[in-house]
Amino acid sequence: MTTTYNCTSDDERAQGLEHAQRAISEKKCVVFPTDTVYGIAADAFSPQAVTMLLVSKGRSRTMPPPVLIPRINALDGLASDVSADARKLAEAFWPGGLTLILHAQPSLDWDLGETKGTVALRMPDDEIAQELLTLTGPLAVSSANRTGHAPGQTAAAAREQLADSVEVYLEGGFRPLEGEAAVPSTIVDATGPRLRVVRNGAVTLDQLREHVPDVLGLGEIPMAAEEPEEPAAEAHSPAGSSAVSTTDNHPGN
């Protein structure tokens with residue numbers, strides 16, 4: 001039976017977190033607040049639970065959910081080949097509104113959908129979210145809404161869309177703070193030689209570049225290095241030209 005808990009009450013919060021932990025272990029979905037908007041969550045290591053999450057949202061496997069983690073040291077357990085630049089951004093903006101797309105650890109037994117071998121990770125800056133993640137471990141999470149509709153900024157708003165497809169709703173008040181518009185996390189693809197923004201959001205490009213100056217903004221294409229000029233006597237074609245690379249596309253979620 002679907003239950004909503006008022007997490008502004010200490011007693012209900014404890015009961016709600018306990019019920020949510022149990023629901024996750026039973027491969028059911030829960031809704032809880034994050035620092036951006038409310039999320040719908042399921043056990044990241046259960047294909048059945050992830051399928052329920054996608055069905056609840058009306059989403060296909062071609063749009064796999066990100067994974068929220070409780071602490072930064074979970075990064076290396078879930079992702080491989082984490083670059084120094086990706087690590088700099090994680091250390092600077094976690095917990096917070098930054099999602100990193102990374103190569104998934106190939107040894108992990110999970111099925112998040114058609115990820116092309118990647119995983120999108122984030123550590124949310126929200127007390128209730130952190131408490132739940134500490135109890136459950138990594139969770140597959142997406143915004144708490146039906147695909148194509150506005151994200152839920154309260155548990156009540158999420159319930160209007162998701163109804164009985166969710167076992168537990170943890171109501172923690174307006175997210176983000178009341179009066180602020182819903183802003184998703186910034187998504188950075190860290191699977192290629194250069195970090196690149198694939199969705200603008202809570203962390204600005206300028207903020208990212210304070211830590212990694214050569215992060216590519218949304219839609220930006222890196223310039224190819226200029227070719228050196230050949231000596232005039234040996235030149236067989238015009239030299240000194242430059243080109244724009246359009247081939248370094250990398251998968252994103």
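Author: Asp164 sits in the loop between α6 (155-162) and β9 (168-171). Helices here are DSSP runs of H or I with at least four residues, strands are runs of E with at least two, and both are numbered from the N terminus. Asp164 is exposed, at 64% relative accessibility. Exposed means over 50% relative accessible area, buried under 20%, and partly exposed in between (1.4 Å probe, protein chains only). The C-alpha atom of Asp164 is 5.8 Å from that of Thr2, although 162 residues separate them along the chain.

The model is predicted, so local features need pLDDT of at least 70 and side-chain atom pairs pLDDT 80 or more, while totals for chains, interfaces and linings use all residues. Residues are numbered from 1 along each chain as its sequence is written, and side-chain values use heavy atoms, without hydrogens and water.

Glu167 lies in the loop between α6 and β9 too. Its side chain forms a salt bridge with that of Lys28, at 3.8 Å from N to O. This pair links distant parts of the chain, since Lys28 lies in the loop between α1 (10-25) and β2, 139 residues apart from Glu167. A salt bridge here puts a side-chain nitrogen of Lys or Arg within 4 Å of a carboxyl oxygen of Asp or Glu. Glu167 is buried, at 14% relative accessibility. Lys28 is partly exposed, with 30%.

By this rule the salt bridges number 12. One of them joins Asp111 and Arg61, with the closest N and O atoms 3.2 Å apart. It spans 50 residues: Asp111 is in the loop between β6 (98-104) and β7 (118-122), and Arg61 in the loop between α2 (47-57) and β4 (67-68). Asp111 is partly exposed, at 28%. Arg61 is partly exposed as well, at 38%.

Helices are linked too. Arg87 and Asp76 meet through their side chains in a salt bridge of 3.1 Å, N to O. Arg87 belongs to α4 (residues 84-93) and Asp76 to α3 (residues 75-78), so the pair ties together parts 11 residues apart in sequence. Arg87 is partly exposed, at 26%, and so is Asp76, at 40%. Shared partners also join the salt bridges of Arg13, Glu127 and Glu131 into one network.

Now the strands. A hairpin joins β2 to β3 through four residues. The two run antiparallel, with four bridges between them. Strands count as paired when DSSP finds at least two bridges between them. Pro33 has Tyr38 of β3 as its bridge partner. On to β8 (residues 139-143): five bridges join it to β3, again antiparallel. Ile40 is bridged to Ser142 of β8. Six of the six residues of β3 are buried, so this strand is largely enclosed by the rest of the structure.

Thr36 lies in the loop between β2 (30-33) and β3 (38-43). Thr36 is buried, at 9%. Its side chain makes a polar contact with that of Thr34, at 3.1 Å. A polar contact of 3.5 Å joins the side chains of Thr36 and Arg122. Beyond neighbours within four places in sequence, Thr36 is in contact (heavy atoms within 4.5 Å) with residues including Arg122, Arg175, Pro176 and Val183. A polar contact is a pair of N or O atoms within 3.5 Å; within protein, one must be able to donate a hydrogen and the other to accept it, and residues adjacent in sequence count only if both atoms are side-chain atoms.
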